[in-house]
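Here is a short briefing for a reader new to this structure. Please look through the sequence and the model before reading on.

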Amino acid sequence: MGGERKLLGRWGESVVARWLRRRGKEILAAGYACRFGEIDLIVRDGDVLAFVEVKLRRDESFGPARLAVDRRKQQRLRTTAELYLAQNPTSLQPRFDVAEVYAPRGMETPDPQVVYWENAF
């Protein structure tokens with residue numbers, strides 16, 4: 001991934017992290033990576049441990065951003081989450097969420113829109 005795209009992706013993740021914190025959620029990890037893949041955000045939501053995939057788009061001209069989380073990506077996220085849970089045992093219930101961020105002007109967007117899907121897959 002190019003440097004600018006990576007920077008934009010991290011910005012989108014920070015937008016979602018702020019959005020979640022304002023709703024009382026606790027960010028446990030950001031950018032967790034292992035040999036299987038990466039999980040953008042790992043969040044405590046009460047008695048749930050949410051593994052959050054963030055997708056940023058300028059608009060929906062190519063469809064909703066969540067559609068980019070296809071079966072193959074879902075499987076990589078599950079495998080990565082299994083390793084995280086093996087390294088960080090918890091009694092919290094796991095859940096997979098997808099956060100869409102719509103930012104028409106990229107990082108210059110003053111108020112990016114967040115659409116959040118709990119239990120996305």
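Glutamate 100 touches Lys55, Pro64, Ala65, Arg66, Gln113, Val114, Val115 and Trp117, leaving out residues up to four places away in sequence. Contact here means heavy atoms within 4.5 Å. This is a predicted model: local features need pLDDT of at least 70, side-chain atom pairs count only at pLDDT 80 or more, and totals for chains, interfaces and linings use all residues. Residues are numbered from 1 along each chain as its sequence is written, and side-chain values use heavy atoms, with hydrogens and water left out.

**Glutamate 100**

- Glutamate 100 sits in strand E4, residues 93–102. Helices (H or I, at least four residues) and strands (E, at least two) are DSSP runs, numbered from the N terminus.
- Is glutamate 100 buried or exposed? Glutamate 100 is buried, because its relative accessible area is 1%. Buried means under 20% relative accessible area, exposed over 50%, and partly exposed in between (1.4 Å probe, protein chains only).
- A polar atom of the glutamate 100 side chain lies 3.2 Å from the backbone nitrogen of alanine 65.
- For the backbone nitrogen of arginine 66, the distance to a polar atom of the glutamate 100 side chain is 2.9 Å.

**Lysine 55**

- Lysine 55 belongs to strand E3, residues 48–57.
- Lysine 55 counts as buried because its relative accessibility is 16%.
- Beyond its neighbours within four places in sequence, lysine 55 is in contact with Ala65, Ala68, Val69, Ala99, Glu100 and Val101.
- Lysine 55 and arginine 66 stand 11 residues apart in sequence, and their C-alpha atoms are 6.7 Å apart in space.

**The whole chain**

- The protein chain has two helices and five strands. From the N terminus on, its elements run α-β-β-β-α-β-β.
- The radius of gyration is 14 Å, close to the 14 Å that the globule rule gives for 121 residues, so the chain is as compact as a globular protein of that length. This radius is taken over C-alpha atoms, and the rule is 2.2 Å times the number of residues to the power 0.38.
- Along the principal axes, the C-alpha atoms fill a box of roughly 40 × 30 × 25 Å.
- Of the 121 residues, 42% count as buried.
- Take the contacts between residues at least 6 apart in sequence: 56% of them join residues at least 24 apart.

Note on methods
A polar contact is a pair of N or O atoms within 3.5 Å; within protein, one must be able to donate a hydrogen and the other to accept it, and residues adjacent in sequence count only if both atoms are side-chain atoms.
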